[in-house]
Amino acid sequence: MVAQEIVADVVIIGGGLGGVAAALAALERGATVVLTEEFDWLGGQLTSQAVPPDEHPWIEEFGATRSYRALRSSIRDGYRRAYPLTDRALALSALNPGAGWVSKLCHEPRMAVAAIEERLAPWRSSGALTILRNCRPVSADVDGDHVRAVTVEHLTSGARTTLLAPYFVDATETGELLPITTTEYITGFEAQSETGEPSAPHHAQPQNMQAISVCFAMDHVDGDHTIDRPVDYDHWRGLQPDFWGAPLLSFTAPNPRTLETGTRVFEPNPGDDPYAVEADQSKNPGDHNLWSFRRILARDLFAPGRFASDITLVNWPSIDYFEASVIDVPAEEAERNLAAARSLSRSFFYWLQTEAPRADGGVGHPGLRLRGDVTGSADGLAQAPYIRESRRIRAMTTIVEQDVSRAARGAGGARRYDESVGIGMYRIDLHPTTGGDNYLDVPAEPFEIPLGALVPRRMRNLIPAGKNIGTTHITNGCYRLHPVEWNIGEVAGHLAAVGVMRGSEPHAVLGSVAVREEFQRELVSAGIELHWPKGIEGY
């Protein structure tokens, strides 16, 4: 089969948050863009992976790009336009439709899909933007230090399309362009001798990566909605990791911050006051009652009787799949491991329905119902796995634990960069790993994103736009969250467009103070914050 060819100024492989932000930034600068995505929905962790935004407590005022805040506003406006909110909820400027404790904006993934599609629609109509869905990169044409073309394959038809451009952006969840373009990269846990990080091991562990999770949405209504018993339910039911302190299928798990074993509460539709929720993880992790932790629709914010139940999103410890990696293993093995992760999530849901302890002394919640209509999937789970860790480029600047950790930095705050192109904040939050490590949760300081972390050491026209930038296994734990990924992608789009329009490669922008400062001024004009206000402390 002969591959179709499409030529553009910028080709972006991966339609997650970083890919969407990169596309919008490049389009605003006048570039033509091809954007590809493996799944039905654009938006990655916010949509197809079904993860409500993990954000810092100042997100409503500062600490994110203007376009990211506009996305959040569009999501809220969608609820105000279409949903039967109570008068009190309608009046909330910082509406939190799910009244979840994990974020000030917990919402259904489809509402973010709608907001993203609305932002992209004018560019598609103009012909400046082409979107190819349900395809993955399979090969690349590389000439020395430059990528000439990337070929993608449709997952169903097998049809191939070759994409040609002067600049390529890797916004995939796992850094899929890095191996096929021969870009130097690293995976897993770096050795302490390489990074100097206090929490790093003595020897490199390239296959030691954070757990992946297949999330799902559910509600609780009348009737028995018990699913068929998963084939390997007994395996997951009997699994008790050495460091867990209890069976994996339970409400008991290590506390990520203290590692002490504790038991959480699970009470569907608890009748709590959604207006009293204060989502601020610097004060309260918010995960005591798992139901309200990542709730994405709180029925009491809407007209009485309109919704029979809240809808909550399960991204809890018991669905962390850390038995094996899905990166840099044979394709058949990766597929088996992805299937096992989905099986774990279905098994946990079945356990919730049939064996989970209830407050009344009984077991099982047969009224729990999978909401595949909410996540856009046939099997009731999220379309895509939540990937916490990617291949990472060997970058001109590598961000290490000592640059952001409160313990390492003391009262001085995170490292400040003359080359800063954005900011972010989250604790260094590492989930259990394929190498058998427990949680690693380290307080961090509000940090900056150095331009050099987006510039590969050798490749001249390939730009990372997500979890594949120059972090380490450890610092990826705080640079992987929603607003930071968007910021990284937005800068990647600007950087690619500058290369197209002015002929300034990323290395040239980084290497010249005058060129870099001009680029930074343009980022500020576009609404990208480069430094934190004074007096903001981490947690």
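Mentor: Leu259 sits in the loop between strand 12 (252–254) and strand 13 (261–263). Strands (E, at least two residues) and helices (H or I, at least four) are DSSP runs, numbered from the N terminus. The model is predicted: local features need pLDDT of at least 70 and side-chain atom pairs count only at pLDDT 80 or more, while totals for chains, interfaces and linings use all residues. Residues are numbered from 1 along each chain as its sequence is written, and side-chain values use heavy atoms, with hydrogens and water left out.

Leu259 is not a glycine, yet its phi is positive, about 65 degrees. Most residues other than glycine have a negative phi. Leu259 is partly exposed, at 40% relative accessible area. Buried means under 20%, exposed over 50%, and partly exposed in between (1.4 Å probe, protein chains only).

Asp328 also has a positive phi, near 55 degrees, and is a residue other than glycine. Its loop runs between strand 16 (320–321) and helix 9. Asp328 is partly exposed, with a relative accessible area of 36%.

Contact means heavy atoms within 4.5 Å. Axes are lines fitted to C-alpha atoms, for helices over the stretch in contact; angles run from 0 to 180 degrees between N-to-C directions.

The sheet is open, with four strands in the order 14-15-11-17 and antiparallel pairing. Strand 14 (295–297) and strand 17 (368–370) are the edges, each pairing on one side only. The twist averages 35 degrees from one strand to the next. Two strands pair if DSSP finds at least two bridges between them. Strand 11 (residues 216–220) and strand 15 (residues 311–314) have three, in the antiparallel sense. Phe216 has Val314 in strand 15 as its bridge partner.

Now helix 16. Its buried residues are Arg516, Phe519, Gln520, Glu522 and Leu523. They fall within an arc of 160 degrees seen down the axis, so they line one face of helix 16. The arc is that of the directions from the helix axis to the C-beta atoms. On the other side of helix 16, Ala514, Arg521 and Ser525 are exposed. The cover over the buried residues includes strand 19 (420–424), helix 14 (482–502) and helix 15 (506–511). Gly527 follows helix 16, with a positive phi near 95 degrees.
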